[in-house]
Structure formats: structure tokens, C-alpha cells
Amino acid sequence: MSGEMFPEPGWLSEEVKTGTTIIAVTFDGGVVLGSDSRVSAGETVVNRVMNKLSLLHDKIYCALSGSAADAQTIAEIVNYQLDVHSIEVEDDPLVCSAATLVKNISYKYKEELSAHLIVAGWDRKEGGQVYATLNGLLTRQPFAIGGSGSFYIHGFVDAEYRKKMTKRECQEFVVNALSLAMGRDGSSGGVAYVVTIDQDGAEEKCVLGNELPKFFDQ
Amino acid sequence: MERHNSYSQVKGVSTGTTILAVKFNGGVIIGSDSRASMGESYVSSKTINKLIQVHDKIFCCIAGSLADAQAVTKMAKFQLSFHSIQMESPPLVKAAASIMRELCYNNKEELQAGFITAGWDRKKGPQIYVVSLGGMLLSQPFTIGGSGSTYIYGYVDAKFKPDMSLEEATQFSTNALALAMGRDNVSGGVVHLVVITEAGAKHIVVPGDKLPKFHDE
């Protein structure tokens, strides 16, 4: 037998990315965030159950996409900064403050970092809000999608989103969108994590693969 | 965000595009946008028709390099008319698709174009065939292609139903193309639809201001 080595598995040398699908939608009284659970390093799936919805404060969450390390680090730093801020103002922080903190880091280090976080939550001043912070931009939107899987569902969310959905309709919309994206994007998959935030707090839910809605499949 | 790979990274004039074909109860609809672009920022034609008739009830639509696509469809049209004279009957849709596939497969190094062939014949009724970039031939109840198609995978997966009526299928195709044109900057212009049934082929054009609008427009 010749001294032939097996090719090195991809995950030893490839950067770990959360090639992913994330979505956040406002409804009357709060927001719903959703994400898939696949983390890939090149062609290998290194984690198939990662929760990409990260807590920034009691009623503010962010959804991670892009480089896994970058996104997690930003979320941790902002979590700390928000704690300090909320002690200083002696009140719950605004969603806009959380989004601004994320934007500041993304913008200042935009050459080194490659992560896109969607920040969403509820506060007493403006109710449910969703902010997209791509590459240092900060924009408030009625809903936002991100990650590699989001390309496939642009058409679907454009067509199906309606203003003033109820909480239940919003959750269904998020789960449908995630299921469609996971069906087409090779970098998204696993289970769907859904977080619903309203004035009473945040509720986390996990929808297993076999419970996801099915669509026409030839 | 990473730039999504698209067919339009080709030489010369390319149809960065959105094309689709849908089977409904009694026929097929084949549709496309109407923009031809060079590179990503110059629109070389706003009203190009990408739906090529290769026989009375068989149409093709093209995605990829426009030059390659025109050359292949011209040759296919010629071979198909010769074939139908020899057989003394209208050609099968599968025959048309096979001719495209032969051309694509045998010239796969030089060509960079994918095709959707759709039509109606007496043997199997309405059919849709996809010939991909390398020359694979596949039959499907509906299919989408071109750079704009990535944005509507979710929409068509959710909304397609087998055995739709003509009205439902027309609405489905128009919505899907409008959504893709709204997100893909190399697709746009007007929507061209061809409805093919036993009775023949009918060409419908939906101009920009009559396209369906969605929540943020």
C-alpha cells in the first residue's frame, strides 16, 4: 500500500460559518424571531442543533448569521454593554439602544468581522421592533430576513407578509418561511428555534424537523 | 453578505433573468422577464423576448449567455422541423427537449446556457422539461430558472398546487415573476407569458404598471 493520506476533513481547516436562515417579524404587541440550527465548516455540519437566537436582555434578542465566532462575540459584548447601560438608566433598555450597540461594533470593525445580526425585541416606548444591522447599517423594518437561506424566501416573505398580523399568524409565518428556506438551502437545516417576545416576556420554542410544515415536493 | 452565484457571470450579453414554466389542468404556461444585461449594471435591452417558439406548440426559454442560447435554439428549430417532416406528425415535446440536451451535452465545454422546454403534444399532453447547464434532462410539473429564481424558490414551493386552473396558474406565474423582478436587479421589464394548450399557443404580455404589487410597494 502506498503512503497515501486520506484527504483532511474540511472542518479542520474551514472557517466555521453559520450559513443560515434567520428571520424576525413584528406583530401587534411584540416580535417573533426564528432561526434554523445548522453550523457548517465548509461541507461538514459541525453542529446541527445550535440555537442562533441569542439573548441580549430580558425582552431583546438577536439572531446570528455569518461567521459563528464573530456573531457570538458581538452578542456577548453587547449583552454586557446593555447590562451596564440598563443599570445606569435604572430601567429596561430600548431595543433601539441594543441595535445601536450592535451597529457600533459592526461598523467600527467592519473590515475584520463578517457577521450580520438582526436585533428584535419589545420595549415600553415603541412596542415590538425589528432592526437589521448588516455591515454597520442600522435600519428599522417591519420584518427582516438574513443568512444564506434568506435568498430563497425573499419572494415568499414579500408576498405573504401583512401588517398587523396576530401573534399566532406571525409564528406560523416564521415557521413556514424557515421551513421553505431549509428545504432549499444546503447550509440551513436541523430544527427551527422560535422566540416570541411581548410585554410579558420572552418565550422560546423549538420545532423539531418532523413537525415542520411540508410543502409540495415532487 | 455573500454575492449569490448567478448565471449572469458570463461573456458578452447575458440574460441575467427569471424564467419559469408551470403545468396546469390542460396545458402549460411558460414565462419570463424581459431584461438583457451586460455585466451587472448595463441593461442592453428592456424588452427582449426570451420565449422562443421551436414548433407550433413547443416553446423554449433560455437562461445564461444569450448568444449561446440563440445558436442552440436555431439549430434545434431546424432539426425539429426536419424531424417532424420525416415522422409526418407534430414532434413530441420530449423530442424537442432531447435535441436541446444533445446539443448542450456534446458542447458542454463551450456553452453556458440552460433551457426550459414546455409544450403540448398528443401523446402525453402538457409537459415541461429542464435541460441544465451540463446537459441533464429532467421532467417536472413546474420549474424556475435564471438568476432571479433563487428569490422565489420559497414562494413557488409554498404556492404551487398540481392541477391548477388557467386563471390560478396565470396568477401564480405573474406573481412569481413579479416577486423575482422586484428583488433581482438583472431581471425586470415586462412579463412575457405563453399559454400552450391543445388549441394552440397564446402570448400574453403584462406591462410593468399592471404587475401585482406587494406589501412594501
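Predicted model: local features only at pLDDT ≥ 70, side-chain atom pairs only at ≥ 80, totals over all residues.
Me: What does the predictor say about chain B and the complex?
Reply: pLDDT is the predictor's confidence in each residue, from 0 to 100. Chain B averages 86, and 92% of its residues score at least 70. Residues 1-12 of chain B stay under 50. The complex gets an ipTM of 0.74 and a pTM of 0.82.

Me: Why is Asn79(A) called partly exposed?
Reply: Buried means under 20% relative accessible area, exposed means over 50%, and partly exposed is in between (1.4 Å probe, protein chains only). Asn79(A) has 24%, so it is partly exposed. Asn79(A) sits in helix H1 (residues 68-89) of chain A. Helices here are DSSP runs (H or I, at least four residues), strands are too (E, at least two), and both are numbered from the N terminus.

Me: Which residues is Asn79(A) in contact with, leaving aside its neighbours within four places in sequence?
Reply: Leu55(A) and Leu56(A). Contact means heavy atoms within 4.5 Å.

Me: What makes Phe143(A) and Tyr161(A) a tilted pair?
Reply: Rings of Phe, Tyr and Trp (its six-membered ring) pair if their centres lie within 6.5 Å; planes under 30 degrees apart are stacked, over 60 edge-to-face, the rest tilted. A search of the whole structure finds ten aromatic pairs over all chains. In this one the centres are 4.7 Å apart and the planes are at 40°, so the pair is tilted. The two residues are 18 apart, with Phe143(A) in strand E11 and Tyr161(A) in the loop between helix H3 and helix H4 of chain A.

Me: Are these two residues buried or exposed?
Reply: Phe143(A) has 7% relative accessibility, so it counts as buried. Tyr161(A) has 5%, so it is buried too.

Me: Why is the pair of Phe78(B) and Phe82(B) called stacked?
Reply: The centres are 6.3 Å apart and the planes 10° apart, so the pair is stacked. Both lie in helix H1 (residues 66-87) of chain B, four residues apart, which means about one helical turn between them. Phe78(B) counts as exposed, at 56% relative accessibility.

Me: What makes the phi of Lys164(A) worth a look?
Reply: Most residues other than glycine have a negative phi. Lys164(A) has a positive phi of about 60° although it is not a glycine. Lys164(A) lies in the loop between H3 and H4 of chain A. Its relative accessible area is 72%, so it is exposed.

Me: Which elements give two or more residues to the side of chain A that touches chain B?
Reply: H3 and H4 of chain A. H3(A) gives the largest share, seven residues.

Definitions and conventions:
Residues numbered from 1 in each chain as written. Chains lettered and ligands numbered in written order. Heavy atoms only, no water.
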